Amino acid sequence: MYRIILVHPSQRQLQRILWKDSYNGPIKTYELATVTYGTANAPFLAMRTLKQLAIDERKRYPAAAAVLESDLYMNDVLSGSDDLETAKNLQRELIDILSSGTMSLHKWCGNTAELVINGESYPFSNPEETKTLGVVWKSKNGLFLLQSCE
């Protein structure tokens, strides 16, 4: 996710790195153009980018914008719906809103096969067990389990 978020050109000098190809070689200077993994601000910048995407695209994708603002933990969307049609609409909106920010979903899980897209663009699978943040969801029977930290 970080590598697709561009840093404003005026701020790139703050991500300047020095590089030498060899011990005696000349020093080369680079300015990184994207959010850099491992920097202290990278998680904030990633989350703030998703929040801005929700703000910018709220009129076109109202359901997805609401999810991006409230049902997100880093790069995991943890959301749902009360009925299948609303879930399908939310799924389509999430795909489209993220696509408008040049991002894409890499995993999708649902408790019905109708929510799983098996296409060339989105080769999602529907595992019977999904883990996020130490919580296990068994999609077939709707059980949530807390994983032991032992």
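1. Lys 51 is partly exposed, with a relative accessible area of 38%. Partly exposed lies between two limits: buried means under 20% relative accessible area and exposed means over 50%, with a 1.4 Å probe and protein chains only. The model is predicted: local features need pLDDT of at least 70, side-chain atom pairs count only at pLDDT 80 or more, and totals for chains, interfaces and linings use all residues. Residues are numbered from 1 along each chain as its sequence is written, and side-chain values use heavy atoms, leaving out hydrogens and water.

2. Lys 51 has a charged partner. Glu 69 forms a salt bridge with Lys 51, and their closest N and O atoms are 3.9 Å apart. A salt bridge here is a side-chain nitrogen of Lys or Arg within 4 Å of a carboxyl oxygen of Asp or Glu. Glu 69 lies in helix α2 and Lys 51 in helix α1, so the pair ties together parts that are 18 residues apart in sequence. Helices (H or I, at least four residues) and strands (E, at least two) are DSSP runs, numbered from the N terminus. Glu 69 is partly exposed, at 36% relative accessible area. Arg 58 joins in: Lys 51, Arg 58 and Glu 69 are linked in a network of salt bridges.

3. How many salt bridges does the structure hold? There are six. One of them pairs Glu 31 with Arg 16, with the closest N and O atoms 2.6 Å apart. Glu 31 lies in strand β2 (residues 28–31) and Arg 16 in strand β1, so this pair ties together parts that are 15 residues apart in sequence. Both ends are partly exposed: Glu 31 has a relative accessible area of 39%, and Arg 16 has 45%.

4. Lys 28 and Asp 21 form another salt bridge, with the closest N and O atoms 2.5 Å apart. Lys 28 counts as partly exposed, at 32% relative accessibility. Asp 21 is exposed, with a relative accessible area of 58%.

5. Look next at the nonpolar surface. Ile 17, Trp 19 and Tyr 30 form a nonpolar patch there, with about 300 Å² of accessible area together. Patch residues have over 30% relative accessible area and no salt bridge; like charges are joined within 9 Å, and nonpolar side chains (Val, Leu, Ile, Met, Phe, Trp, Tyr) within 5 Å. Accessible areas come from the Shrake-Rupley method with a 1.4 Å probe, and for residues only the protein chains shown count as cover. Ile 17 lies in strand β1 (residues 16–19). Ile 17 is partly exposed, at 34%.

6. At the start of α3, a side-chain oxygen of Asp 83 reaches to within 3.3 Å of the backbone nitrogen of Glu 85.

7. Which residues of α3 are buried? They are Ala 87, Leu 90, Gln 91, Glu 93, Leu 94, Ile 95, Ile 97 and Leu 98. The buried residues of α3 pack against α1 (42–57), α2 (62–70) and β4 (76–77). Contact means heavy atoms within 4.5 Å.

8. Check the backbone just after α3. Thr 102 takes a positive phi of about 55 degrees there, although Thr 102 is not a glycine. Most residues other than glycine have a negative phi. Thr 102 is found in the loop between α3 (84–100) and β5 (129–132). Thr 102 counts as exposed, at 58% relative accessibility.

9. Is Thr 34 buried or exposed? Thr 34 is buried, with a relative accessible area of 11%. Its place is the loop between β2 and α1. A polar contact of 3.2 Å joins the side chains of Thr 34 and Arg 3. Such a contact is a pair of N or O atoms within 3.5 Å; within protein, one must be able to donate a hydrogen and the other to accept it, and residues adjacent in sequence count only if both atoms are side-chain atoms. Not counting residues up to four places away in sequence, Thr 34 touches Tyr 2, Arg 3, Ile 5, Leu 6, Val 7 and Gln 15.

10. Pro 43 lies in helix α1. Pro 43 counts as partly exposed, at 31% relative accessibility. Not counting residues up to four places away in sequence, Pro 43 touches Tyr 2 and Met 74. Pro 43 and Ser 22 are 21 residues apart in sequence and 33 Å apart in space, C-alpha to C-alpha.
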